[in-house]
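Trainee: I would like to go through this structure term by term. Please set each value against its definition.

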Amino acid sequence: MLGILLIPLCLLIVYAVATAAGESRLIVRILMGAYAFRLLFLIIIRDVQWFTHEAGGDSVGYEMLAGLVCEYWDRNGMSYVTADQIWQVGPTTLPINLFALIMYANGGDTRAGCTAVIAMMACFTCLNFVRLARELGADPKVAERVMLCILFMPSFTMYTSDMYKDGLVVFCVIGAVGGAVRLARKFTMFDFVLGSLCLVAVWGVRYYLVFACVAPLVIGLAGFGGKSVVRPILVSAIAPVVLLMMVSYTQILQEAQESATVAFDFSYGWRAQLEGHRGGSAVEFDDGGDPTGALPQKLMYTLFAPFPWMTGSLGLNLGKVDTLLFYYFMYRAGVAAKRLFVVDKALLLTVLAFVAPMTLIYAMSVSNIGLVLRQRMPVVVMVMLLATMSWPKRETESVEGAVDEPVPDEAPPVATANAKVEEPIAAR
């Protein structure tokens, strides 16, 4: 029953949040339409063979794991389940526990209820995007059009129309990095708390992204380029102390190293190789088993694959649409970066502090084009945010659509045919 109720409830929440944020009717309707489209798309998404192996995908696995968590709760009571209780859960604990909670409250499986929450998160991500772009000085119309591109990109639509974790991943990452960007401009407790909560949530959805999100948050807290002189000094003094305490009293470095090793081993594991033999999207590099080996080639695949000439599954070919859009927005982001290097180095540094290390992390473990297409979505969104600032901001338009021009206090005298034009005194 809860699963059915969640569909209109999440739609109502999207409407309420967008309206409370002061968005126009058009933006509210677009977000509600995108939400409804995802729930309708859910009806057929598992019946189409998007990938080389079979119809369906990771969403089936997440649904099964959420069912295992529900069974565990029936026997042991409710608690946050990790790999210590059910080893199959692995490090991606938040989506599975969230899906399990919805299913447990529903009294059984509810794909529609779980997808409703993911679709809502996708709408919130785009709402956060368009508001952030406007705050940073992008032209409002440009920001809205780019938001529309994100909202209906084939891969983003596909992975937020079923029980995938990617909607949560992008929501949390953009929340954390977006909060860092806002903090760099002006410190508010709301942005700090929200950014910190999103950062904590990132560990539960894609753990290794935390290490790429910390740098923008520190830069944001320091407020480099802002009016305050105290903030950069304070953060520069406190950050090393906090880092030293974390290294001394926690196992964060060990966990980071283990996580990196697991990611690299998995990327070169038997699953990737088996998919490659089946004609899937797996790729091999002559790197001698070294994550940094053949790095230029890996970076090319991470940023530019799937290439237009590649053949493969329906999902891979749809991914080419996303990739072609990414090519264009990378160019626009380059134009914006040249301008921001002169006018707003702090903003440019904050965005690049996420995009650059994240791209490098993905490149060192790339082994599957389809997986990279999903993984790089947060990077794509941040590049598109940067790209919105490459277009000049237009003047406010009047109701008729004409650009308002300043009206002089006095009309200049009309010169007649016999009138002599007086030269300014300075020119005589």
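Mentor: Start with the cavity. On a 1 Å grid over the protein atoms alone, a cavity is a set of points where a 1.4 Å probe fits but cannot get out; its lining residues have an atom within 4 Å of a point. Grid points are joined across faces, edges and corners, and a volume is the space filled by probe spheres set on the points. The largest cavity here holds about 60 Å³ of space. This is a predicted model, where local features need pLDDT of at least 70, side-chain atom pairs count only at pLDDT 80 or more, and totals for chains, interfaces and linings use all residues. Residues are numbered from 1 along each chain as its sequence is written, and side-chain values use heavy atoms, with hydrogens and water left out.

Trainee: How many cavities of 30 Å³ or more does the rule give?

Mentor: Three cavities reach 30 Å³ or more.

Trainee: What makes a residue part of the lining of the largest cavity?

Mentor: The 4 Å rule does. Met153, Ser155, Asp322, Thr323, Phe326, Leu373, Arg376, Met377 and Val380 line the largest cavity. Helix α15 (314–343) and helix α18 (377–387) each supply at least two of the lining residues. The most come from α15, with three. Helices here are DSSP runs (H or I, at least four residues), strands are E runs of at least two, and both are numbered from the N terminus.

Trainee: How many helices and strands does the chain have?

Mentor: It has 18 helices and zero strands.

Trainee: Why is valine 89 called buried?

Mentor: Buried means under 20% relative accessible area, exposed over 50%, and partly exposed in between (1.4 Å probe, protein chains only). Valine 89 has 5% relative accessibility, so it counts as buried. It sits in the loop between α3 (58–76) and α4 (94–106). Leaving out residues up to four places away in sequence, valine 89 touches Leu65, Val69, Val81, Thr82, Ala83 and Ile96. A contact means heavy atoms within 4.5 Å.

Trainee: Is serine 313 buried or exposed?

Mentor: Its relative accessible area is 14%, therefore serine 313 is buried. It lies in the loop between α14 and α15. Its C-alpha is 6.3 Å from that of tryptophan 50, although the two are 263 residues apart in sequence.

Trainee: Why does tryptophan 203 count as partly exposed?

Mentor: Tryptophan 203 has 34% relative accessibility, so it counts as partly exposed. It belongs to helix α9 (residues 189–205).

Trainee: How much of the chain counts as buried?

Mentor: Of the 428 residues, 46% do.

Trainee: What makes a set of residues a nonpolar core?

Mentor: Its members are buried Ala, Val, Leu, Ile, Met, Phe, Trp, Tyr and Cys residues joined through side-chain atoms within 4.5 Å. The largest core has 106 residues, and Leu31 and Phe354 touch the most other members. Helix α5 (residues 111–135) gives the largest share of this core, 16 residues. A second, separate core has nine residues, including Phe285, Ala305, Met310 and Val372.

Trainee: Which residues does leucine 31 touch?

Mentor: Beyond four places in sequence, Leucine 31 touches Val14, Ala18, Cys123, Cys126, Leu127 and Leu151.

Trainee: What is the peptide bond from alanine 305 to proline 306, cis or trans?

Mentor: Omega is near 0 degrees, and the bond is cis. Most peptide bonds are trans. Proline 306 lies in the loop between α14 (295–304) and α15.

Conventions: On a 1 Å grid over the protein atoms alone, a cavity is a set of points where a 1.4 Å probe fits but cannot get out, and a pocket is an open set with protein on both sides within 12 Å along at least five of seven lines; lining residues have an atom within 4 Å of a point.
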